[in-house]
Each structure stands twice: as C-alpha cells, then as structure tokens.
Amino acid sequence: GVLFRSGQQNFLRFDLAELLQKLRQFEKAENVLLQALEHDPVSDLQALIEDGRYLILLAKIYSKIENTDGAILSLQRAREVQARVLKRVQLDQPDTVPTQKKLAADICAEIAKHSTNQRDYEKAIKFYKEALVYCENDHKVMLELAQLYLAQDDIDACQHQCAVLLKSDQDNDAATMMMADLMFRKQDYDRAVFHFQQLLERKPDNYMTLARLIDLLRRAGKLEDVPRFLEMAEKHTARAISEPGFNYCKGLYLWYTGEPNDALRHFNKARKDSDWGQNAVYNMIEICVNPDNETIGGEVFENLDGDVRNSTEKQESEQLAVRTAEKLLKELKPQTIQGHVQLRIMESYCLMATKQKTNVERALNIFTEIGTAEKDHIPALFGMATAYMISKQTPRARNQLKRIAKLNWNAIDAEEFEKSWLLLADIYIQSGKFDMAGDLLKRCLRHNKSCCKAYEYMGYIMEKEQSYKDAAVNYEMAWKYGNHTNPTIGYKLAFNYLKAKRYVDAIDICHKVLGAHPNYPKMRKDILDKARAALRS
C-alpha cells in the first residue's frame with residue numbers, strides 16, 4: 001500500500017478515493033477511506049474537517065452499492081463530526097460558519113432521504129427538521145418535508161410547511177401545486193382553485209395544471225369559469241389549438257358539459273401523444289361505452305325513457321361505439337403494474353357494454369379476481385356491482401355497493417365512488433327507500449357539485465313525493481350542469497314546471513328542447529299544448 005503522511009498526503013488520499021469511486025472500484029475506495037479514518041481521536045480543526053469529508057464520501061459509496069445501513073451510519077458519524085466542526089469555526093474561523101452550516105444541513109437531509117427510502121418516515125421528518133435548524137430557508141428541504149407530511153396524511157403539518165415556504169418564495173410552483181392539492185383534499189374547492197389560478201396566470205400553457213383545474217372547477221360547480229382559462233392559453237401561444245395538452249383539456253371541458261361527440265374529436269387530437277395519449281384513449285373508451293353518462297345497471301330511469309332507449313337506431317349506435325372502444329383498447333400500452341390492472345378493468349367494462357350474458361360473466365370473473373388480490377379495490381368492486389345489476393342479481397350488487405359506501409373517499413377513485421353511490425341510490429329508490437337514497441345523493445354533491453345525475457335522482461324523488469316545486473328546483477340544477485343539452489332532463493323539468501303551475505317556464509324549456517330535438521316524443525302533446533291552454537284559460 002502507499003504510505004501517507006502529513007496533511008498534504010490527506011488530500012491525495014481523498015482524491016484517490018474519489019477517483020476509485022468514479023472508476024466504480026467501490027471496495028478499493030472504501031478501503032482507502034476506512035484506512036484514513038483509522039486514527040486516534042483528533043481535536044484539531046483541519047483534521048476534523050477532513051474526517052467529515054471522508055465520512056460523506058464513504059456514505060456516497062455505500063449508497064452506490066445499496067448498503068443503506070452503512071450509508072446512514074457513516075452519515076450519522078459525519079453529523080457528529082460536523083457538530084464539533086461548527087463549535088470550533090465559530091471561534092476560529094467565523095467567516096466560514098455559513099458554509100459549514102450548509103454542510104451540516106446537507107448531511108441531515110441525506111440521512112432523511114435514506115430514511116424515506118426505508119419508509120422510516122418519523123426518522124426522516126426528524127432529520128429534515130434538523131436540517132432546517134441549520135438552514136431555515138432551504139426550499140428544497142421544506143418541500144421534501146411537506147411531501148413527507150402529505151405521505152403520512154398529516155394535512156395540517158403539510159399545509160403549515162407549504163405556507164412557510166410560500167412566504168419566502170411565493171412563486172414556488174411545486175409548493176403552490178401542493179397547497180392546491182391540500183385544499184382539494186379538504187374539499188375547500190374555492191381555495192384550491194385560487195392556488196391553481198396563480199399557477200396558470202404565471203404559465204397559461206401549463207396543461208397539466210389546467211387539466212387539474214378543470215376537474216376542480218367541475219367539483220366546485222363552476223364549469224362556466226373554464227373557457228376563460230382555455231382562452232388564456234390560446235392567447236399565450238399561437239400553437240395552442242394544435243397542442244395535444246390543450247386539446248386534452250378542451251376535450252375534458254366538453255365531456256363534462258355534455259358534449260361527448262365534440263369531446264371525442266379533441267381527445268382524438270391528443271391520442272398519439274406520449275404524455276397525453278394514454279389518458280385521452282381511456283377517456284375516449286369511457287365516452288364510447290357510456291356517451292350519455294347513464295347509471296349503467298340502474299333501473300330507475302330505465303322504465304321511464306324506455307321508448308328512446310330501446311329504439312333500433314340507439315341499439316345500433318351503441319354496438320358501433322363498443323366496437324370503436326375495443327379498437328381503442330389495443331392502443332393502450334401500460335408501463336406499470338397499476339396500469340395493467342387499470343387496462344384489465346377497462347377491458348371488462350367494454351365486455352359488459354356488449355350486454356351479452358357470456359361477456360358479462362367474463363367481466364365479473366376478472367373483477368372478482370382483481371378484488372380478491374387487492375383489498376378495497378374500488379374500480380373492481382364497482383365493476384362487480386355493475387355486472388351483478390346487469391345480470392339482475394340486485395342483492396349481490398347491493399352488498400358490494402354498501403361495502404364501497406363504508407370506505408373513505410379518496411381523490412384517485414373519485415369517479416368510481418360517485419358512480420357507486422349513484423347506483424346504490426338507484427337501488428334504494430327502486431325499493432322506496434328515499435331517505436337512504438337522499439343521503440347518498442347529498443354525498444355525491446358534496447364531492448362534485450356538478451353531478452347532474454345526483455340532481456336528476458333528487459328531482460325524481462321529489463316528483464314521486466308530489467313536491468313538484470322542489471322537483472323543479474333539482475331538475476333545474478341537472479339542466480344547468482348538463483349545459484342545457486340533455487332532452488330527457490329538459491322534458492322532466494318542463495313537466496314539473498307544468499305541475500308547479502309555472503307555465504311560461506315550461507313553454508320556454510319546451511322550445512329549447514324541441515329546437516334541438518324537433519321530434520322529441522310526447523313533448524308537444526303532454527306539456528307544450530297543456531301549458532298554452534292553461535295560460536289562455
């Protein structure tokens with residue numbers, strides 16, 4: 001071995017270890033460092049600083065060879081050495097204090113990072129906090145700490161950390177995004193929207209943020225605010241209309257406002273893109289399988305809209321749409337395990353959409369398999385319930401849906417939660433349990449104020465109880481959030497206006513519906529003529 005002496009040699013030692021590490025000769029590098037650290041306790045400042053450097057490099061090597069415990073131990077020794085260095089420089093070299101403090105903070109942050117990887121969140125939080133004692137304005141550390149609090153579901157601590165960070169760096173996008181996320185989790189939609197607006201005013205073509213905002217505005221019942229942000233993006237960049245992200249966002253807005261065909265056209269423009277393609281294809285499949293956003297398997301409106309529903313024309317267009325969905329499924333190339341499960345769920349929804357007995361059974365088997373493998377997998381449980389409803393096994397469907405209704409809501413499964421609550425409400429309405437249905441519908445509206453279906457069911461309950469005024473108020477909301485496009489809801493609204501003796505309003509809605517659907521059944525005879533006659537008498 002090479003013999004080292006004096007301080008001059010120590011630098012060579014460090015350089016040699018660093019070189020060996022770069023050449024990926026980790027064991028040799030480790031030996032050089034261990035040898036350098038083998039000495040009697042030192043109190044000389046220079047020697048302490050050198051020991052610190054050796055220990056940090058040693059930790060880096062351990063981390064390269066995935067010896068996390070070794071890395072953490074070396075870092076903890078480095079932290080002790082660094083504490084002594086800090087004590088000494090305050091007396092001997094005060095001008096180097098900031099640099100040494102930064103190093104102390106980095107050591108702590110490094111320990112925290114390793115602890116996070118080992119899922120020891122408590123320890124990670126402790127060391128990030130210590131890092132902030134040395135450098136109270138380290139934005140990166142603050143953000144990491146906030147993310148840890150979020151992972152632990154400690155919403156208040158996370159919010160506090162984000163607020164502190166935004167005080168010293170108000171344009172921090174990551175912290176603004178996290179703040180918006182937090183408000184979303186707390187269902188404080190107005191404040192969530194506020195934080196997203198700030199992001200978009202800085203960067204109108206940040207389509208990831210815009211897509212999240214559109215979902216939020218829908219949940220806040222403020223879809224009418226979306227066009228302003230779409231226009232902002234168009235003004236900001238001339239290329240907007242041809243960009244996949246922009247088309248995806250526009251598609252989302254159209255889908256949410258009851259324009260499925262236009263939505264398909266825009267999603268189609270994003271379909272080949274590496275960032276947006278997969279989500280666009282998923283949405284296209286959902287639209288094909290259920291363009292009018294009906295409660296699949298539900299029975300309440302089945303009997304009412306029978307004649308429209310069972311027309312040959314409607315059945316032919318449904319089969320064509322299912323074939324399109326099957327073609328689109330082939331374009332999905334999931335990269336993760338979650339993605340593969342999602343694809344199987346989607347394939348099963350398409351099988352159910354054919355309404356053929358053997359296909360529905362195949363779908364049920366896949367849902368059951370996924371539901372058994374993964375506890376509380378909401379999309380799979382909802383799939384099972386839907387398959388049971390299509391097969392007219394209501395009690396079995398109800399059991400799955402009641403199970404979902406007991407679970408805590410989360411943002412990832414928001415759509416399936418909503419659909420499950422609606423389907424269970426449908427079952428309760430069928431068996432005359434209006435109160436239980438009402439509770440579920442209120443829950444839908446708490447999480448999504450634009451939920452047309454929830455208002456429609458509420459209207460139906462009121463109508464059955466012969467409170468036509470209240471029924472009209474709910475159908476008004478359903479008509480509003482469906483962007484005044486759904487003729488079935490228009491019909492029901494006009495009918496309840498007629499019953500509530502609001503003749504002028506009834507006539508007004510009839511004109512709107514018949515303007516778009518001139519042959520809409522029964523509207524003229526049942527409502528329009530009666531309302532006119534009532535006004536004349």
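**A guided tour of a predicted helical model**

Begin by selecting arginine 53 and phenylalanine 14: the arginine lies over the face of the phenylalanine, 3.8 Å from the ring centre. A charge sits over a ring if NZ of Lys or CZ of Arg is within 6 Å of the ring centre and within 35 degrees of the ring normal. The model is predicted, so local features need pLDDT of at least 70 and side-chain atom pairs count only at pLDDT 80 or more, while totals for chains, interfaces and linings use all residues. Residues are numbered from 1 along each chain as its sequence is written, and side-chain values use heavy atoms, with hydrogens and water left out.

**Histidine 114**

Next, select histidine 114 in helix α5 (residues 97-117). Helices (H or I, at least four residues) and strands (E, at least two) are DSSP runs, numbered from the N terminus. Is histidine 114 buried or exposed? Histidine 114 is buried, because its relative accessible area is 9%; buried means under 20% relative accessible area, exposed over 50%, and partly exposed in between (1.4 Å probe, protein chains only). Apart from its neighbours within four places in sequence, histidine 114 is in contact (heavy atoms within 4.5 Å) with Ser63, Thr68, Ala71, Ile72 and Leu75.

**The annotated spans**

UniProt positions are given in the numbering used here, feature names are shortened, and annotations may be inferred rather than shown by experiment.

Then colour residues 324-532, annotated in UniProt as "domain: Tetratricopeptide repeat protein 21A/21B C-terminal ARM" (unreviewed entry).

**Aromatic pairs**

Now display the aromatic side chains. Rings of Phe, Tyr and Trp (its six-membered ring) pair if their centres lie within 6.5 Å; planes under 30 degrees apart count as stacked, over 60 as edge-to-face and the rest as tilted. How many aromatic pairs are there by this rule? The count comes to 15. One of them is the stacked pair of tryptophan 255 and tyrosine 256, 6.0 Å centre to centre with 20° between the planes. Both tryptophan 255 and tyrosine 256 are buried.

Another stacked pair joins phenylalanine 301 and tyrosine 457, at 4.8 Å centre to centre and 25° between the planes. This pair links distant parts of the chain, 156 residues apart: phenylalanine 301 is in helix α16 (residues 300-304) and tyrosine 457 in helix α25 (residues 452-464).

Return to tyrosine 256. Ring pairs link Tyr248, Trp255, Tyr256, Phe267 and Trp276 into a cluster. The charged end of arginine 218 sits over the ring of tyrosine 256, 4.2 Å from its centre.

**Helix α14**

Select helix α14 (residues 260-270), in which Pro260, Ala263, His266, Phe267 and Ala270 are buried. Why do they share a side of α14? They lie on the same side because they cover an arc of only 125° around the axis, taken from the directions from the helix axis to the C-beta atoms. An α-helix has 3.6 residues a turn, so residues three or four places apart point the same way. The buried residues of α14 pack against α13 (244-256) and α15 (277-289).

**Cysteines**

Finally, select cysteine 350, which is buried at a relative accessible area of 2%. Its closest cysteine sulfur, in cysteine 288, is 8.2 Å away, too far for a bond. The structure holds 0 disulfides, a disulfide being a pair of cysteine sulfur atoms within 2.5 Å.
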